[in-house]
Amino acid sequence: MLVVPCSLLGAFTHYPALRAVLNSLWNNGSSIRPSRFVGLGNYEKLLDDDKLMQVLFNSFIYAVGTVPLAIGLAIGMALLVNSKLPATGLMRLSFFLPTMLPMVAVANIWLFFYAPGIGLASQILNAVGLPSINFLGSAETSLVSMMVVAVWKEAGLFMIFYLAALQSIPTNLKDAARLEGAGPVRIFFDVVMPLLRPTTIFVAVNALINAFRLVDHIVVMTKGGPSNSSSLLLYYIYEVTFGYRDFAYGATLTVVMVIILGLLAAIQFWVLDRKAHYQ
């Protein structure tokens with residue numbers, strides 16, 4: 001029974017990763033010049049790639065800005081829809097709706113929102129007496145604007161996981177805390193949050209992966225500009241591989257991304273899993 005899942009995992013995960021490692025050890029060939037083995041030559045190019053340094057910095061800022069914010073917003077929405085307020089079903093649908101939209105559709109929606117002068121964001125700024133801002137055309141605001149889009153789209157998905165975790169918490173634990181005189185805030189931080197830690201580990205790892213694999217929004221909204229201010233690692237890999245047709249260096253960048261994600265995921269598990277309570 002395990003043959004088919006293992007075969008699929010090997011075919012679509014392990015083999016492409018191994019193939020990327022092998023391709024990174026050869027140079028970029030052509031129809032008239034076959035590729036040749038260069039060893040670590042492509043990895044030496046990484047040290048002189050100034051654009052890569054900018055992209056890695058952007059990716060770091062993007063991950064630091066989106067992952068905690070998306071998790072915090074997801075927890076808040078989950079608590080809201082898990083309460084006894086009226087119309088919680090409608091709220092769940094409203095919060096989850098952005099997740100169901102295709103990424104390209106989301107990018108086009110936010111293009112209209114960010115449009116300078118005529119977009120909703122500019123209209124709001126003008127209504128309060130502030131000038132319009134070219135959110136996607138300015139190096140100072142383009143990356144932050146992309147981060148807002150990502151949080152808006154992903155928080156609803158993470159809310160579903162937290163909602164399921166909240167509904168699985170035994171009510172007798174909360175009742176016992178109330179008998180001891182604990183208020184709602186104390187119950188949340190001392191009872192609820194520790195029990196949500198396994199869910200937080202899962203969500204944090206997935207949010208981190210999503211932060212590094214964003215490419216659709218960038219292609220539609222900014223194409224990495226202006227001046228590479230909104231270019232992230234996966235988009236740079238896409239640009240090098242399919243724009244410049246440098247498949248060897250694209251494979252090298254892919255290996256770098258896999259290593260970074262593996263290290264960050266291991267750190268997350270090591271930090272968060274130590275105090276996790278699994279029921």
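Rings of Phe, Tyr and Trp (for Trp, the six-membered ring) count as an aromatic pair if their centres lie within 6.5 Å; planes under 30 degrees apart make the pair stacked, planes over 60 degrees make it edge-to-face, and the rest are tilted. The structure holds ten aromatic pairs.

This is a predicted model, in which local features need pLDDT of at least 70 and side-chain atom pairs count only at pLDDT 80 or more, while totals for chains, interfaces and linings use all residues. Residues are numbered from 1 along each chain as its sequence is written, and side-chain values use heavy atoms, with hydrogens and water left out.

**Aromatic contacts**

One of the pairs joins W26 and F37: the ring centres are 5.7 Å apart and the planes stand at 80°, so the pair is edge-to-face. W26 and F37 both lie in the loop between α1 (3-23) and α2, so the pair ties together parts that are eleven residues apart in sequence. Helices here are DSSP runs of H or I with at least four residues, strands are runs of E with at least two, and both are numbered from the N terminus. W26 is partly exposed, at 38%, and F37 is exposed, at 52%.

F161 and F202 form another edge-to-face pair, with 5.1 Å from centre to centre and 70° between the planes. F161 belongs to helix α7 (residues 142-167) and F202 to helix α10 (residues 197-212), so the pair ties together parts that are 41 residues apart in sequence. F161 is partly exposed, with a relative accessible area of 30%, and F202 is partly exposed, at 41%.

There is also an aromatic cluster, formed by W110, F113, Y114, F135 and W152.

**Helix α10**

The helix that carries F202 can be checked by its length. Twelve of the 16 residues of α10 are buried, so the helix is largely enclosed by the rest of the structure. Among the buried residues are P198, I201, V205, L208 and F212.

**Salt bridges**

A salt bridge is a side-chain nitrogen of Lys or Arg within 4 Å of a carboxyl oxygen of Asp or Glu.

| Side chains | N to O distance |
|---|---|
| K45 and D246 | 3.8 Å |
| E239 and K51 | 2.7 Å |
| R186 and D190 | 2.2 Å |

In the salt bridge of K45 and D246, K45 lies in helix α2 (residues 41-47) and D246 in the loop between α12 (233-243) and α13 (247-272), so the pair ties together parts that are 201 residues apart in sequence. K45 is partly exposed, with a relative accessible area of 38%, whereas D246 is buried, at 18%. K45 also lies over the face of Y249, at 4.5 Å from the ring centre; a charge sits over a ring if NZ of Lys or CZ of Arg is within 6 Å of the ring centre and within 35 degrees of the ring normal.

The salt bridge of E239 and K51 links helix α12, where E239 lies, to helix α3 (residues 50-81), where K51 lies, so the pair ties together parts that are 188 residues apart in sequence. Both residues, E239 and K51, are buried.

R186 and D190 both lie in helix α9 (residues 184-195), four residues apart, about one turn of the helix. An α-helix has 3.6 residues a turn, so residues three or four places apart point the same way. R186 is exposed, at 55% relative accessibility, and D190 is partly exposed, at 45%.

**A nonpolar surface patch**

F57, F60, I61 and V64 make a nonpolar surface patch of about 390 Å². Patches are made of residues with over 30% relative accessible area and no salt bridge; like charges are joined within 9 Å, and nonpolar side chains (Val, Leu, Ile, Met, Phe, Trp, Tyr) within 5 Å. The areas come from the Shrake-Rupley method with a 1.4 Å probe, and for residues only the protein chains shown count as cover.

F60 is in helix α3 and is exposed, at 52% relative accessibility. F57 is also in helix α3 and is partly exposed, at 49%. The C-alpha atoms of F57 and L232 are separated by 8.6 Å, although these residues are 175 residues apart along the chain.

How values were computed: Buried < 20%, exposed > 50% of the residue type's maximum accessible area, 1.4 Å probe, protein only.
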